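Welcome! Take a moment to look over the sequence and the 3D view, and then let us walk through them together.

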Amino acid sequence: MTIQPKYHWQFNERKGRVAHDAIAGVEARFHESVVWQAHGRIGPAVRSTSRKSRLVFAPEIGQFGTRD
């Protein structure tokens, strides 16, 4: 049995401040400085360039209900 994730960010955009997950299209927004990398371990990647850099996911990502 294969477990399918609900969300999966591939960082195929390669520019801008918004990344969309490949399954549900949910946005994640970058704040402060990030650099889009051509190659990560498996595919495209991003690198934060500041300690203040962060990736903010849409509210539904953090909704886990009453258990993990």
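## A charged pair

R29 has a relative accessibility of 41%, so it counts as partly exposed. Keep in mind as you look around that this model is predicted.

Which residue forms a salt bridge with R29? The partner is E27, and the closest N and O atoms of the two are 3.0 Å apart. E27 is partly exposed as well, at 33% relative accessibility. Why can such a pair form? Side chains of opposite charge can pair when their charged atoms come close. Searching the whole structure turns up one salt bridge.

## The overall build

Now step back to the whole protein chain. Its secondary structure consists of five strands and zero helices, and from the N terminus the order reads β-β-β-β-β.

The protein chain has 68 residues, and 21% of them count as buried. If you take the contacts between residues at least 6 apart in sequence, 29% of them join residues at least 24 apart.

## A serine in a loop

Next, find S53 in the loop that lies between β4 (45-48) and β5 (54-57). Is S53 buried or exposed? Its relative accessible area is 15%, and because buried means under 20%, S53 counts as buried.

Which residues is S53 in contact with, leaving aside its neighbours within four places in sequence? They are H31, E32, S33 and S48.

Terms used:
Residues are numbered from 1 along each chain as its sequence is written. This is a predicted model: local features need pLDDT of at least 70, side-chain atom pairs count only at pLDDT 80 or more; totals for chains, interfaces and linings use all residues. Side-chain values use heavy atoms; hydrogens and water are left out. Helices (H or I, at least four residues) and strands (E, at least two) are DSSP runs, numbered from the N terminus. Buried means under 20% relative accessible area, exposed over 50%, partly exposed in between (1.4 Å probe, protein chains only). Contact means heavy atoms within 4.5 Å. A salt bridge is a side-chain nitrogen of Lys or Arg within 4 Å of a carboxyl oxygen of Asp or Glu.
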